[in-house]
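Hi everyone, thanks for coming. Please have a look at the structure on the screen, and I'll walk you through a few places in it.

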Amino acid sequence: MSIRIDAKKCVRCGKCLDVCPGDLISMGIDGSRILRPEDCWGCASCLKECAFGAISFFLGKDIGGDDTYMQVKKDGRCLHWIFYDSSGQVRTITVDQSSSNKY
Amino acid sequence: MKTERLKTDILIIGGGTAGCFAALTVARKSPQTRVIIAEKANIRRSGCLAAGVNALNAYITKGKTPEYYVDYAVRDAHGIADRKLLLTMSEQLNEVTAELERLGLVILKDENGEYVSRGDRNIKINGENIKPILSDAVQNLPNVTVINRLNIIDYITNGNRVIGAYGNRTDDEALVFISAGATIIATGGAAGIYKPNHPGFSRHKMWYCPFNTGAGYAMGIRAGAEMTTFEMRFIALRCKDTIAPTGTLAQGVGARQVNSLGEVYEDKYGLTTSQRIWGTTAENKAGRGPCCLATKGITSEQAEDLERAYLNMAPSQTLRWVAQKKSADKENVEIEGTEPYIVGGHTASGYFVDVNRKTTLESLFAAGDVAGGCPQKYVTGALAEGKIAALSAVESLDGAEAADISDEFVSVARAEAEGFLKNRGGITPDELEEHMQEVMDRYAGGIGSDYAFTDESLDIAREKIEELILRVSGAVCRDMREFTRLHEVKERLTVCLTLIAHLKARKETRWHCFAENRSYPDKDDENFLKFVNSRYESGEIKILYRPLEEMNV
């Protein structure tokens, strides 16, 4: 359970640094980086903040994770959670923040 | 090492649920009062609410009363809870919820504009952005200063009075000393004291916020505050591997606990929080595992709604369903118990406080998971306690300027911090943590011991934790971040010793799993329908038994 940050996509805006509840992300010369990936709680706050798709969220191999990962695109009140595996994009789930959970 | 001195009227340590709401309350009640929030990360997403929450679990629903909630919480705690604390909290639940809605939280309503409940005590929300909502409200307050990335290490005291606190700031590697007329401790509970479900790469994939490491408890213990009910540990029943919540499945779509034979076993063990964990542990031990929540057979629409609901609070569960090309309508969800935590928002562990949330130390108030005696707080209860503590703190100010911190105190603290930062060899904070978790798992009732312990195993645990404490001062500490991590282990070791003393002092098994005492396997109402409290005095943990109705001070 952790995140990967793609330095090529990072624009160094620094937004992810301010939302990590563990203060685990710092700004390097090439972009932001997660200092200790094994310390990540998996809250996904940084993904939701990144408008450039630089941050991916994956499950650790020790809890059965494979190559599948997800990213988030924000669009007004909607969060589009986009899932990818080694073959490419597999699914999108959209959550409208103005409507409540059913359960 | 740089030092900085600040003064304020009210210092709030921890900018999570309770801390943010306390700041908001002070600003409304007494706008001229100056407030500093000291936050270890950044208040925007820090604390338990980072990923969001799925429902508000403490609410007085239509036709119910605050007393109804009190009765429920006392019953669930098998009698060990303070009714007066619970009542003062319960009376505030709906008001703080209305405030959250005014701040922007989405709450589900029916056609008559009434909140839609989920069971007798819960209401449905979209809680993904609950923490940014709280944080935005706090950032806009003129007399509230938020200091992010400031990790508070200890109180500054004068006799029995807390006159402020100090800590290390990662941004500029400074030691910051804050003096305050009153202090509100709101640092949350303690995770990471036991070996977690997955000790490897995913060790932080846990139920409770792994960054809440018991700082508030440890500071209080060291300063001689009276603590209560640490022995009532909390263990959560969670989805296997992702450690995502199960309430959404149990209460949301009515999934029941079944064993590998397909038998519903939850009725056999009882439905209090501790009994639900106990049932699952016992079924596994009897060879009838794995245990699941029976979701198979719900509609595919329900399964899709669940996927969305989990994205709002525990996104890893949805990722798991997608990755495995499975869904809740086609496959039951396997469940497991987590490692034990100390968390006063769910159980009664924490500072022994009065109805004003005043601790036994002067000028120190406690709110949220760090405050004891008042279980089943959840989010809204933490807000309620933040509000009560804030009003009491304002009331306690006498108009005088906060006391000055002596040069001597600053130079001693600086010398100590610089001493740590010189250590290049020795045990690492990670190794210390691993050792501690191993000891607690094996000898103080972790997952590996089916949560059970004996008088003898607790003695071994105490001895080994005391040995580890002696190694802290020689541990390697290469930079300010490692300094914080070392202190996070140090504070948990302090919590461990108090926890072990409490487990030993309750010579009965009142709550299965939460305190599974194999030396005293039965409940003993005659002798133990009372609080186990403790106070650290001249190097010893002194146990104090208090009747349930007695308030402190």
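Let's start with B:N197, which lies in the loop between β9 (174-185) and α6 (215-222) of chain B. Before I go on: this is a predicted model, where local features need pLDDT of at least 70 and side-chain atom pairs count only at pLDDT 80 or more, while totals for chains, interfaces and linings use all residues. Residues are numbered from 1 along each chain as its sequence is written, chains are lettered from A and ligands numbered from 1 in the order in which they are written, and side-chain values use heavy atoms, leaving out hydrogens and water. Helices (H or I, at least four residues) and strands (E, at least two) are DSSP runs, numbered from the N terminus.

So, is B:N197 buried or exposed? Its relative accessible area is 17%, so B:N197 is buried; that word means under 20%, with exposed being over 50% and partly exposed in between, using a 1.4 Å probe and protein chains only. Which residues does its side chain reach? The side chain of B:N197 makes a polar contact of 3.4 Å with that of B:E336, and it reaches the backbone oxygen of B:G337 at 3.0 Å. A polar contact is a pair of N or O atoms within 3.5 Å; within protein, one must be able to donate a hydrogen and the other to accept it, and residues adjacent in sequence count only if both atoms are side-chain atoms.

Next, helix α9 (residues 273-285) of chain B. Its buried residues are B:S274, B:Q275, B:I277, B:G279, B:T280, B:T281 and B:E283. Among the elements covering them are β11 (237-239) and β14 (333-337) of chain B. Just after this helix, B:G287 takes a positive phi of about 85°.

Now, how do the two chains meet? The contact (heavy atoms within 4.5 Å) takes 58 residues from chain B and 53 residues from chain A. B:F201, B:F211 and B:L319 supply 15% of the area that chain B buries against chain A, more than any other three residues. Buried area here is the accessible area (1.4 Å probe) that two parts lose on being put together, summed over both; between these chains that is about 4700 Å², with carbon and sulfur atoms giving 56%.

Finally, there are 7 salt bridges across this interface, each a side-chain nitrogen of Lys or Arg within 4 Å of a carboxyl oxygen of Asp or Glu. One of them joins A:R36 to B:D430, with the closest N and O atoms 2.9 Å apart.
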